[in-house]
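Please look over the structure below with a reader in mind who meets it here for the first time.

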Amino acid sequence: MTPTTLTILTISLSTAKLILIISLVLLLAVSSLLIYLYAVYLKLKRRVSVPKLKETFKEKELFEQLLDLIPDRIYLKDRESRFIIANNYVSEIMGAKKPSDLVGKTDFDFYDAEMAQPYFDDEQEIMKKGDSIIAKEEKGYDNKGNEIVVSTTKIAVRDKDNRV
């Protein structure tokens, strides 16, 4: 063999070793990732079984159907007066295509400040004091956009620790 051929063989052997090392490192990384994902799967499997998950989805579906059957304004808001959930009637009155379009928005996104501010003030007072508002008459709209007087009841929702 000539020195040039020997150099080519040496480069080829070095390249082969490098490819082998990279392949082993990648194999080790992929194996570690698979073991981690399997451990996460086992942990989640213990927390939520498939039947429990199906039951939860069914309960959510039934709850949403119930909300939509009630011909009244039904909604929940968070501490910043943003919609969390609403029924079809509320979305129709507010001009949204569907209830999910309301999520994360406030009355200010749909009404002028004169209309939205009293709603907001009532909700914030409920959040601070935890008292309910029962049968308060206030300005509102029907599902055709006509201004009407509505009887409003707003109730503080509490968590397991009795916090609003």
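Arg82 is partly exposed, with a relative accessible area of 34%, where buried means under 20% relative accessible area, exposed means over 50% and partly exposed lies in between, for a 1.4 Å probe and protein chains only. The model is a predicted one, in which local features need pLDDT of at least 70 and side-chain atom pairs count only at pLDDT 80 or more, while totals for chains, interfaces and linings use all residues. Residues are numbered from 1 along each chain as its sequence is written, and side-chain values use heavy atoms, with hydrogens and water left out.

The side chain of Arg82 meets that of Asp78 in a salt bridge of 2.7 Å, N to O, and it meets that of Glu80 in a salt bridge of 2.9 Å, N to O. A salt bridge here is a side-chain nitrogen of Lys or Arg within 4 Å of a carboxyl oxygen of Asp or Glu. Of these two partners, Asp78 counts as buried at 18% relative accessibility, whereas Glu80 counts as partly exposed at 44%. The whole structure holds 10 salt bridges, and three of them are set out below.

| Salt bridge | N to O distance |
|---|---|
| Asp78 and Arg82 | 2.7 Å |
| Arg82 and Glu80 | 2.9 Å |
| Lys139 and Glu147 | 4.0 Å |

In the pair of Lys139 and Glu147, Lys139 is partly exposed at 32% relative accessibility, and Glu147 is exposed at 53%. Salt bridges that share partners also join Lys77, Asp107, Glu123 and Lys154 into one network.

Lys154 lies in strand β4, and with a relative accessible area of 7% it is buried. Helices (H or I, at least four residues) and strands (E, at least two) are DSSP runs, numbered from the N terminus. Contact means heavy atoms within 4.5 Å, and, leaving aside neighbours within four places in sequence, the residues in contact with Lys154 include Tyr75, Tyr119, Glu123 and Ile133. Ile133 also stands opposite Lys154 in the antiparallel pairing of β3 (residues 133-141) with β4 (residues 147-154), which runs over seven bridges; two strands pair if DSSP finds at least two bridges between them. Five residues lie between the strands of this hairpin, and Gly145 takes a positive phi near 90 degrees there.

Ser81 sits in the loop between β1 (75-77) and β2 (83-86), and at 2% relative accessibility it is buried. Its side chain makes polar contacts of 2.9 Å with the side chain of Glu123 and of 2.9 Å with that of Gln124. A polar contact is a pair of N or O atoms within 3.5 Å; within protein, one must be able to donate a hydrogen and the other to accept it, and residues adjacent in sequence count only if both atoms are side-chain atoms.

Ala96, in the loop between α3 (88-94) and α4 (113-129), is likewise buried, at 15%. Beyond its neighbours within four places in sequence, Ala96 is in contact with Ser91, Asp101 and Leu102.

Leu34 belongs to helix α1 (residues 3-47) and is exposed at 54% relative accessibility. Together with Leu33, Tyr36 and Leu37 it makes a nonpolar surface patch of about 440 Å². Patches are made of residues with over 30% relative accessible area and no salt bridge, like charges being joined within 9 Å and nonpolar side chains (Val, Leu, Ile, Met, Phe, Trp, Tyr) within 5 Å; accessible areas come from the Shrake-Rupley method with a 1.4 Å probe, and for residues only the protein chains shown count as cover.
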